[in-house]
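Here's a quick look at one model, meant to be read with the viewer open.

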Amino acid sequence: MIVAVSLLAVILAVFICMKVYNLTKDVTKFYAQGFDYGFHAREISSLWKLAKKCEIEEPLSLFVSENAVNRCISAFIQKSREEGTENTFPVQSFLETLYKFKTRVALDLDNKRGLENTKTLDQGQVLSVIYKGKGVFNSRVLNNGRELVIALPTQFNKNTKKIDFLKGEEWEHKMVSVYFWRKGDAGYAFDTEVFSSGVFRSDKALFLKHAYKLDRTQKRQSIRCACEIYGQIFIMQFSDDGLEAESSPGYKCLIEDISEDGAMIRIGGKGKSNVCIRLQFEINGSLVLMQGIVRAVEYNQNIDQSRLHFECTQIEPSMRNAILAYVYNVMPQDQKDIQEAIAQVEESRNQEQGKNQASEEIAVPEKRPEFASDS
């Protein structure tokens, strides 16, 4: 009996220690993130207090989401009303601090300082690694110390439906490009060298040099490619919504580059901006109609020709796919790898946003105070 009680006490003590350890770890990470974004210790303390009062699963979201702060304020007011403490001094004082935070977070979102080097990457961070000439591989951070240790990258083979990988020595002394999505922040990219391979805690691994120059990756833009495609232009009214092929001839033009959402068009004479046009042409035997607006004009008086910067606002899905197929086929492999890596970064971001949206739907009270609608 005494042994059983002692064993239970030991288990309870271990459990408490683990809870305290995890809490301390979370608090430390929360403060580190707060300092990284330029908040003072007192402000970070108040934010942590808010996160615990509102029972937020991921308190770090308060630093990067004005909506998260609004939801917390709303929930805090709702709870205060239910408890009858809404007009008390402590509650009003805390609310005043929260409103200041709301303004601070909104102002800091566009100006916050992100990652400056790879030394602060978290263990477990998902990575997309480009090996030039071999394609895009998936990996994750195993350890971050004097060097960046990542799991031996793998690649899904669409033909065999299996996971492929290169031997560690095939990576050694090679330059690679790495892309990743930092949770609650942005997408990043950097170039570095693999200086060795080996094993880290039973996992096959690569050892990378730290990078001190990181670029934030923008949302994947439509891909443009140079071309020489002859087409026709038709002047349209802004109210014209239908996309039907024109049987009568239009103004002849030469498309110099093309993407799914626009084109560079050369015409004879002097063009005009802010004009609604329909561009009609063929790609690989497929008819394509793009309707949109001429955003800018470059006129060359010497040859009496204009280059029109055309933005497409309306196109059928099948015609968009015809353009994408054409663009992708003529795109250099290096560019394809970059687009694939950025697409994976976007997927990670979308997955995070999906989780956040799901948690928002659960966290938002049934009746929100009127002030919360101003977000």
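What follows covers a barrel and some aromatic pairs in this predicted model.

## The barrel

Start with the strands. There are 6 of them closing into a barrel, in the order β10-β11-β12-β15-β14-β13, and the pairing is antiparallel. From one strand to the next, the twist averages 45 degrees.

Zoom in on two neighbours in that order: β11 (residues 251–259) and β12 (residues 262–268) run antiparallel and are joined by 5 bridges.

## Tyr131 and Trp171

Now for the rings: the count comes to 5 aromatic pairs. In one of them, the ring centres of Tyr131 and Trp171 sit 4.9 Å apart with the planes at 65 degrees, over the 60 degree cut-off, so this pair is edge-to-face. Distant parts of the chain get linked here, as Tyr131 is in strand β1 (residues 126–131) and Trp171 is in helix α5 (residues 168–171), 40 residues apart.

Tyr131 counts as buried at 9% relative accessibility, and Trp171 is buried too, at 0%.

## Phe180 and Phe190

Phe180 and Phe190 also meet edge-to-face, because their planes are at 65 degrees, with ring centres 6.2 Å apart. Phe180 belongs to strand β6 (residues 174–181) and Phe190 to strand β7 (residues 187–200), so the pair ties together parts 10 residues apart in sequence. Both Phe180 and Phe190 are buried.

Notes: Residues numbered from 1 in each chain as written. Predicted model: local features only at pLDDT ≥ 70, side-chain atom pairs only at ≥ 80, totals over all residues. Heavy atoms only, no water. Pairing = 2+ DSSP bridges. Helix = DSSP H or I, 4+ residues; strand = E, 2+ residues; numbered from the N terminus. Axes fitted to C-alpha atoms, helices over the stretch in contact; angles between N-to-C directions. Phe/Tyr/Trp six-rings, centres within 6.5 Å; stacked < 30°, edge-to-face > 60°. Buried < 20%, exposed > 50% of the residue type's maximum accessible area, 1.4 Å probe, protein only.
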